Amino acid sequence: MNSELESVQQQLKGLREQIELYNYQYYVLNDPSIPDAEFDRLFRQLQDIEQRCPQLVTAESPTQRVGAAPLKAFSQVTHSVPMLSLNNAFDETEVKAFDRRVCEGLAGFSENQVEYAVEPKFDGLAVTLHYEKGIFKIGATRGDGYTGEDITHNLRTIKSIPLSLPVKAVPHFLEVRGEVLMLKADFSRLNEKQLQKGEKLFANPRNAAAGSLRQLDAAITAKRRLMFFAYGIAPNQDARVPQDTHSAVMAYLAGLRFPVARECTVVKGAEALITYYNNIAAQREQLPYDIDGVVYKVNALEQQEKLGFVARAPRFALAHKFPAQEAITRLLDIDVQVGRTGALTPVARLEPVVVGGVTVTNATLHNADEIDRKDVRIGDTVIVRRAGDVIPEVVSVVLAQRPKDTSTFTMPQNCPVCGSKAVRPEGETVSRCTGGLFCPAQRKQAILHFASRRALDIEGLGEKLVNQLVDNAIVKTPADLYLLGLLALANLERMAERSANNILAAIEKSKQTTLARFIYALGIRNVGEAIAKDLARHFGSLDSLMNSSMDDLLLVPDVGPVVAQSILDFFAEAHNREVIERLRASGVHWVENTETSPKLSENSMISGKTFVLTGALPTMTREEAKAQIEQRGGKVTGSVSRKTDYVVAGNDPGSKYEKAVGLGIPLLDEDGLKKLLQLI
């Protein structure tokens, strides 16, 4: 028996030391090393053992206090009424058990009779605000529940905290309690600034808020947008403070201009509590702030007093927490996935773990820089996060649990799908496969782009048909489109013979194109429609472009080093050249050199001029007019400005016409444009 008792004591000692360390990291350093769910699991394990062996409970046990000791850098504030934590529930059974205990504690109440005030559970930092004669005097953190840190100067920088209360009828002393947090949008902006400065990113809005609030320099806090939400007051006997219900207290606080959650309401019974929980869970991703559950409080203050407290929590309240969005597991390996656009993304292969109610086996690692920044290694114990429908991601490594046999990861130099060279352009974080026309991972995207209206314009070849052609292994590259027969198409789902013939006619028609369209259709990274036209105009032939050097490319207007390198990388890949040759052999052709004809450039009054087209022209489409202007060296833009040289106006021209008149810009009708183009 003694040996068994010693074993339990050792287990308790280990658990208490672990929890104290995690408390210190979470509350004092604002740098938690494990997910909340893992902390909750350890805490409940400690509670269970202490409930079985109450003789082993000590005053120093984490179950007997809240939070952690205050930072020594701040003055200390002793709470007149302890700021206790709440007991947690994780499923409906525990919620019903809570309601049952409340009913039993109140005596005479049965199911669906007790009224509860319900509200979201903010994921921030609990604080208390002291007001004397309506003036904000002192603000403090919760600390260990009995003594907190004096952060008055920092709290004064939060604009949602009233420095003076707007009504005269307030008690001589009022203690308001609530949560300081950072809105999701402000958190994103803060991390963007941290990234720009090359500084450490915050893991989540809660850590960002805590780190911002506990700065020794209040000027730093002032620069970070924090919010305060009130969730109650310390007991106050003044008649001017509501003495009946918690919901009345919340309305009172709102009347004093304290922010309170709009989602606060009142319900009756356990079933209503669960319904509220589910409703808030459904809204969670759309809320402007992070929450990790909901809070239930017996609404009547007299009933709260009757129910009282246990060691560290009130009997009249419960936190019903959402399934953990973070969990801890082991990283077994790192694979690389290739996306539709050729982006190479490292993916963590994990020991299965439940996160947010879903079993997760894979999580994104984003890119090589993120792997290096987080120091992620194969074999590590990692924290995984999943929020809503967002792809799970590896948040951080639990360094304390790193085994000696971990291995580092290096991004591959070649595409793991097709073997083409993988390149990472300077200034970018993502490596990309250069085999765009050949790579199976990019197959659907490459074919859809090739057939799009501004490329080869194969009418009727949309996403559903491309999916069928690729999924049935009928088409592997754009060149295979020109080998399609009637039988192959007609046998596809929802493809009648007439539709198949229309597709084949559109494919045949697409064989006659322009060099600019063909270059654009290749899908070279960073080469859009305008640059494709510039390349066609400058080189005049595809072979000249394919054999060009960096120096040759940099002579083209609007082509810089990044675009030039993308072009060189694309044509350096043998797979891409092979597909291009197959396309030419299939009959895809264009008239070369026309776009560099002296008649269309050197002798033109249009070269270098900017045009805006508005309204419907009598005989030309906008695309035709645009093509004619661009062939002669002009540019067509979508908006009128002082830099516009001509506005071409057809029927019903609209506001662009009016702006051109106001700015005194020359106006042309279709005949005027044709004369300028030397077409008439």
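Strand β21 is mostly covered, with five of its five residues buried. In this predicted model, the cover extends to both faces of β21: Thr 610, Val 612 and Thr 614 are buried on one side, and Phe 611 and Leu 613 are buried on the other. In a regular strand, side chains alternate between the two faces of the sheet.

The surroundings of β21 are given by its sheet. Four strands form an open sheet in the order β22-β21-β23-β24, and their pairing is parallel. The edges are taken by β22 (635-637) and β24 (667-668); each has a single partner strand, so one side of each is left without a neighbour in the sheet. Strand β21, which spans residues 610-614, pairs with β22 in the parallel sense over three bridges. Within this pairing, Thr 610 has Lys 635 of β22 as its bridge partner, and Phe 611 stands opposite Val 636 in β22. Strands of a sheet pair through backbone hydrogen bonds, either parallel or antiparallel.

The antiparallel arrangement can be seen elsewhere in the chain. Strand β13 (residues 343-355) and strand β14 (residues 358-364) run antiparallel and are joined by six bridges. Val 354 of this pair stands opposite Thr 359 in β14. The hairpin of β13 and β14 has two residues between the strands, and Gly 356 takes a positive phi near 60° there.

In soluble globular proteins, nonpolar side chains tend to be buried together. The largest nonpolar core has 55 residues, of which Leu 481, Phe 518 and Leu 535 touch the most other members. At least two residues of this core are supplied by each of α12, α13, α15, α16 (515-521), α17 (529-539), α18 (542-546), α20 (561-572) and α21 (574-585). Helix α16 gives the most to this core, with six residues. Leaving aside residues up to four places away in sequence, Leu 535 touches Ile 519, Val 527, Gly 540, Leu 545, Leu 553, Val 556, Val 559 and Ile 567. Another core, of 34 residues, lies apart from the largest one and has Leu 125, Leu 226, Tyr 252 and Leu 253 among its members.

Just after α13, Ala 473 takes a positive phi of about 60°.

Tyr 657, Val 661 and Leu 667 make a nonpolar surface patch of about 240 Å². Tyr 657 belongs to helix α23 (residues 655-663) and counts as partly exposed, at 33% relative accessibility.

Charged side chains form a further set of contacts. Side chains of opposite charge can pair when their charged atoms come close. The structure holds 33 salt bridges. In one of them, the side chains of Arg 189 and Asp 186 meet at 2.6 Å, N to O. Arg 189 and Asp 186 are three residues apart in helix α5 (residues 184-196), and are therefore separated by about one helical turn. Arg 189 is partly exposed, with a relative accessible area of 45%, whereas Asp 186 counts as buried at 8% relative accessibility.

A second salt bridge links Asp 380 with Arg 402, whose closest N and O atoms are 2.8 Å apart. Asp 380 lies in the loop between α11 (368-374) and β15 (381-385), and Arg 402 in the loop between β16 (393-397) and β17 (422-423), so the pair ties together parts that are 22 residues apart in sequence. Asp 380 is buried, with a relative accessible area of 0%, while Arg 402 counts as partly exposed at 21% relative accessibility.

The side chains of Glu 508 and Lys 511 also meet in a salt bridge, at 3.1 Å from N to O. Here Glu 508 counts as partly exposed at 49% relative accessibility, and Lys 511 counts as buried at 16%. Some salt bridges share partners, and in this way Asp 375, Arg 377, Asp 380 and Arg 402 are joined into one network.

Technical notes: Residues are numbered from 1 along each chain as its sequence is written. This is a predicted model: local features need pLDDT of at least 70, side-chain atom pairs count only at pLDDT 80 or more; totals for chains, interfaces and linings use all residues. Side-chain values use heavy atoms; hydrogens and water are left out. Patches are made of residues with over 30% relative accessible area and no salt bridge: like charges are joined within 9 Å, nonpolar side chains (Val, Leu, Ile, Met, Phe, Trp, Tyr) within 5 Å. Accessible areas come from the Shrake-Rupley method with a 1.4 Å probe; for residues, only the protein chains shown count as cover. A salt bridge is a side-chain nitrogen of Lys or Arg within 4 Å of a carboxyl oxygen of Asp or Glu. Buried means under 20% relative accessible area, exposed over 50%, partly exposed in between (1.4 Å probe, protein chains only). A nonpolar core is a set of buried Ala, Val, Leu, Ile, Met, Phe, Trp, Tyr and Cys residues joined through side-chain atoms within 4.5 Å. Contact means heavy atoms within 4.5 Å. Two strands pair if DSSP finds at least two bridges between them.
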